[in-house]
Structures are given as C-alpha cells and as structure tokens.
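Thanks for coming, everyone. Please look at the sequence and the structure on the screen, and I will take you through them.

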Amino acid sequence: MHNWRDKLIEVHDRLQQAAKQAQRDPKTVRLLAVSKTQDANAVRGLFAAGQRAFGENYLQEALDKQAKLADLAIEWHFIGPIQSNKTQAIASHFDWVHSLERLKIAERLDRQRPEHLGPLNVCIQINLDQEPNKSGISLAELPQLAAAVASLPRLRLRGLMAIPEPREQFAEQLAVFQQLQKALLELQTAQPQTQLDTLSMGMSGDLEAAVAAGATWVRVGTALFGPRAKA
Ligand SMILES: *Cc1c(COP(=O)(O)O)cnc(C)c1O
C-alpha cells in the first residue's frame, strides 16, 4: 500500500525548500502529478491526499482513467505528443496542453474546443537540446508559432514547456532551464498583450533546478508514484 499523503508531503517539501532557496513564493510553483502508466486507483489515492492536477501522455489511457474518475474534480493536463486524429478528444477532455509544437494541431484544438468549456490553456514545447528525434520546436521557430497560437480565440497561450536530457549536476540543469526562462522573458516582451505566465519544467530528478529557474509547473511522476514499469 502506498502512503499517498507521505509521498505528496515529501515532494511538497522539496518544492518548498527549492522555492525558499530561490527566494520565491512557494505558491507560485504548482505540482502536476504525472500519472502515465498508473492505474485509476493510484490517481484516486493521490487525489484523496489532496492532489488536484494530473498529467497524462497517452490519450486512450487517459480517457479510460477519466471515465473511471468522473466523480472527482481533477484538472487534467495533456503532456504527450499529439497526432491530428487525437485533437478532438484532447480539446474536449483536458484543461491544459503542455506539448504543443505545430500550428496545424493548434488550429484543430482551437476549432474543436467545445463552446461550454473555457479556452484551452496551452504551452509550446521547446526542444532545448535540439535532439533530432525529440518533440518540440527550436527557439528560433518560437516567435512565429507563438504569435500564431496567441491569435487563436479558443486557445490561451500560457507559456513554454521543455523536457531537457537528464543531467547530473545542478549547475548544468540550471543552465538549461534558464534558457527556457530567458525565452519566456523575450516572448513576454514581444507579446505584451498575451498573458504569458507559465514555465512547465522540472521532473523528479531535476525539479530543484527548475524551480530555481522560475518553473511554475513541475511535472512529477516517479517521486510520487514510484518507478514505472519499463515499456
Ligand atoms: C514521464 C514524464 C514526466 C515525469 O517524469 P518523472 O521523472 O517520472 O518525474 C514529466 N513530464 C513528461 C512530459 C513526462 O513524459
């Protein structure tokens, strides 16, 4: 049996420490529980312990879980790669998308966002390490995509997301996250009319460095749920 309360307190303690170090208000750092590969009961357990925001990478898995958890007021975030044929369901079943990287996908989400829901919160994913087979756009492509996404009425562009390669040293982790922080600052200057307030970065292994560089969502799986089974 997991003690979800203890797990949650442990991660919140890390976040609080990191915020204190960075002289930030801990309330400005929100915890996204990444529940990919975890079953609905695990999500239910963590919810009962107080967690409200959950992130999923795979649409079908997420929809199955959502159906079993329909009685809970969960804020759902989509954080995985998005294919065109999945946009309708994503636009209908999520509050946030962190992994936007193509205008065509943004336009579909905008068109398909149901009227009775508010605008869909989105972040643009940046491939900071410029790894060829990884998701995300380059920083050079960002201004153009951001301007186009910001003009879509049913989307609300909130900021940037990245999944850097794992690095051992805090200083190295920090330097990479600071690139994303700088990119957000530049975007805020270029688009003062857009409410850009979000940096989605930091996972179980590097959340302290992410908080030091201004993360507003940290996405944590392993530190809450334990190691995932290898796919
Ligand atoms: C799996 C995943 C995480 C969580 O990673 P952990 O190392 O388990 O904390 C965060 N973000 C994304 C996009 C993921 O796919």
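How far is a nitrogen atom of the ligand from an N or O atom in the side chain of R219? The answer is 2.9 Å. Before we go on, please keep in mind that this is a predicted model.

Take G221. Here the backbone is involved: a polar backbone atom of G221 is 2.8 Å from an oxygen atom of the ligand. Then R228. An N or O atom in the side chain of R228 is 2.8 Å from a ligand oxygen. How much of the ligand does the protein bury? On its own, the ligand exposes 390 Å², and 90% of that is buried by the protein.

Where does the ligand sit? Its place is in the largest pocket. Let me walk around it. Among the surrounding residues are V34, K36, N57, I79 and I163. M203 and S204 are there too. Then comes the run of R219, V220, G221 and T222, and R228 also belongs to the shell. By class, that shell holds five nonpolar residues, four polar ones and three charged ones.

Next, the backbone. Most residues other than glycine have a negative phi. Which way does Q23 go, positive or negative? Q23 has a positive phi, about 55 degrees, and it is not a glycine. Find Q23 in the loop between α1, residues 4-21, and β1, residues 30-34. Is Q23 buried or exposed? Q23 counts as exposed, because its relative accessibility is 74%.

Q130 is another case. Its phi is positive, near 50 degrees, and Q130 is a residue other than glycine. Look for Q130 in the loop between β5, residues 120-126, and α6, residues 142-150. Q130 has a relative accessible area of 60%, so it is exposed.

Now for some buried positions. Start with T87. T87 lies in helix α4, which covers residues 87-93. Its relative accessible area is 0%, so T87 is buried. What does the side chain of T87 meet? A polar atom of that side chain lies 3.0 Å from the backbone oxygen of S84.

On to F177. This residue is in helix α7, residues 170-190. F177 is buried, because its relative accessible area is 1%. Now look at F177 together with A210. The two are 33 residues apart in sequence. In space, their C-alpha atoms are 5.9 Å apart.

A42 next. You will find A42 in helix α2, residues 40-48. With a relative accessible area of 9%, A42 is buried. How far is A42 from W4? Along the chain they are 38 residues apart, and their C-alpha atoms are separated by 8.5 Å.

Then P164. This proline is in the loop between β6, residues 155-162, and α7. P164 counts as buried, because its relative accessibility is 13% and the cut-off for buried is under 20%. P164 and I126 are 38 residues apart along the chain. Their C-alpha atoms are separated by 9.1 Å.

One more proline, P119. Find P119 in the loop between α5, residues 103-112, and β5. Its relative accessibility is 24%, so P119 counts as partly exposed. What separates P119 from R167? Along the chain, 48 residues; between the C-alpha atoms, 35 Å.

G221 is 2.8 Å from a ligand oxygen through a polar backbone atom, and the side chain of R228 is 2.8 Å from a ligand oxygen. Thank you.

Note on methods: Residues numbered from 1 in each chain as written. Predicted model: local features only at pLDDT ≥ 70, side-chain atom pairs only at ≥ 80, totals over all residues. Heavy atoms only, no water. Near = heavy atom within 4 Å. Polar contact = N/O pair within 3.5 Å; in protein donor to acceptor, adjacent residues only side chain to side chain. Areas by Shrake-Rupley, 256 points an atom, 1.4 Å probe, with all protein chains shown as cover. 1 Å grid on protein atoms, 1.4 Å probe; cavity = no way out; pocket = protein on both sides within 12 Å on 5 of 7 lines; lining within 4 Å. Sits in = over half its atoms within 2 Å of the grid points. Nonpolar A, V, L, I, M, F, W, Y, C, P; charged D, E, K, R; others polar. Helix = DSSP H or I, 4+ residues; strand = E, 2+ residues; numbered from the N terminus. Buried < 20%, exposed > 50% of the residue type's maximum accessible area, 1.4 Å probe, protein only.
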